Amino acid sequence: MDGHLRTIVIAGGGFAGTTLARALERRLPPGWQLVLVSEESYTTFHPMLAEVVGAGVFPEHVIAPIRPMLRSARFIMGRVQQVDAVRRSLECATLAGGLEIGYDHLVLAFGQRANLNIISGLADHALPLKLVGDAMHIRNRLLQRLAHIELSHDDQERAALGHFVVIGGGFSGVEVAGAIADFIQGARRFYRRIQPGEVRVTLLHDTDRLLPELPTKLGESAARSLRRRGVDVRLNARAVRVGARAVELTDGSTLAAHTTVCTIGTRSNPLVEGLGLATHRGRIVTEADGSIASHDGLWALGDCAATPNAADGAISPPTAQFAIAQASQLAHNLVARIEGTPTRAFSHRSRGMMATTGHQKGVAQAFGVPLTGLPAWLLWRAYYLMQMPTLGRKVRIWVEWTWSVFFPADITHLRFTRTEEVDMDSGLVLTAPKN
Ligand SMILES: Cc1cc2nc3c(=O)[nH]c(=O)nc-3n(C[C@H](O)[C@H](O)[C@H](O)COP(=O)(O)OP(=O)(O)OC[C@H]3O[C@@H](n4cnc5c(N)ncnc54)[C@H](O)[C@@H]3O)c2cc1C
């Protein structure tokens, strides 16, 4: 780091961190430098993870490398492990070993983690959907199950192998249930020993309607749309235990299923506990302008922050839309603080929310207007295509989406077996001839 320059460090390269870095690059005062530290070299475009599960897009197209997004800021791939807010320095683990970085302002933008400890057995047996690796893993698991059913002669086992349970009827649960239903129905034609009724999806949601953030009618419409695709939508159904072969519900019933996908539960990033900052439901409490009252020079935004929204007085929801809006506001406030001018309270009115319920179907509330079916689905695609960073990525995704209208979903079970692992990985036990 250039010792003559004063430094703003952003910890976390997700929606919030990268948007903030790009906004700050344009208005950084002379004498200041910007450093972005993130544990991965890319930003994950979470809203499209369900498309990866359903083989609608390639995994590498829902992640965007951070370096090409930045013009002047320095990017360091590393995991922030400790922050010393008194000495104003942070320690991070990098490929080249530990690195200490001094800062004048530090912005915490490291999101939240999935919480797999909210239901017994979840951590051991359920598949979370938070990272691109999770999405690829779920997709491979679906293909493994289809291959396994083909080889099984036991009807009970075949039924449980073909039963995919999704826990959580929020945006990601609804989207992944629709994507799985479409994918397994489309893929089934290549598994000729599997009958139509042998694969099915159940969506469990613990309140009386899906998508509680949207108006009741849209939640009901999402449930109808999923049911038309064959998804068994169970409302007021709460999982109490998840096992390798079954999910138990609070009403005592059991669903025989070998695959459970979990889209609920978040926990704070382990760094938050180490920092000893005030939290609200695991998120760092900030002032209205994004600063942290107890520590001068410390700021937070995005999913890891509980930032009040002046537009409605509520805490900002953990969504990409709010993370991006906060980033623009925080860029202004950081520069204002440096220049000694007043900062502004964060204020944002949601432009709307939307979810797909499978191919060519969705629900949306855009600028107060409710939409369902194909128009909602087209709006979803147009919006997220626009949000995708870089023209190259937009074109690739558009081509993939167009391709999937005419051709069946790709059923390649992509494994990362290396040459030296090939015999071990085959799972075959070779018996040496006795002489
Ligand atoms: C499956 C799914 C679907 C979603 N769908 C939608 C949707 O349709 N619409 C919507 O608005 N929102 C959606 N969201 C929510 C949205 O993705 C988040 O609100 C958004 O990503 C928050 O941005 P963020 O930058 O705060 O956190 P993140 O995007 O999680 O980024 C945090 C970054 O910090 C990095 N990091 C973490 N710890 C460290 C560390 N110690 N050191 C260095 N770097 C670190 C991580 O690698 C990551 O890059 C979805 C989320 C999921 C999981």
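**Burial, fold and salt bridges in a predicted model**

Of the protein chain's 435 residues, 48% count as buried (under 20% relative accessible area with a 1.4 Å probe and protein chains only; exposed means over 50%, and partly exposed is in between). The model is a predicted one, with local features needing pLDDT of at least 70, side-chain atom pairs counting only at pLDDT 80 or more, and totals for chains, interfaces and linings using all residues. Residues are numbered from 1 along each chain as its sequence is written, and side-chain values use heavy atoms, leaving out hydrogens and water.

The chain holds 12 helices and 25 strands (DSSP runs numbered from the N terminus: H or I of at least four residues for helices, E of at least two for strands).

Searching the whole structure turns up 14 salt bridges (a side-chain nitrogen of Lys or Arg within 4 Å of a carboxyl oxygen of Asp or Glu). One of them pairs R79 with E39 at 2.9 Å, N to O. Here R79 sits in strand β5 and E39 in the loop between β2 and β3, 40 residues apart. E39 also bridges to R113, with the closest N and O atoms 3.1 Å apart. R113 belongs to strand β9, so this pair ties together parts 74 residues apart in sequence. R79 is partly exposed at 43% relative accessibility, as is E39 at 33% and R113 at 21%.

Another bridge joins R337 and D289, their closest N and O atoms 3.5 Å apart. R337 lies in helix α9 and D289 in the loop between β20 and β21, so parts 48 residues apart in sequence are tied together. R337 is partly exposed at 32%, whereas D289 is buried at 10%. Through shared partners, salt bridges join R88, D289, D296 and R337 into one network.
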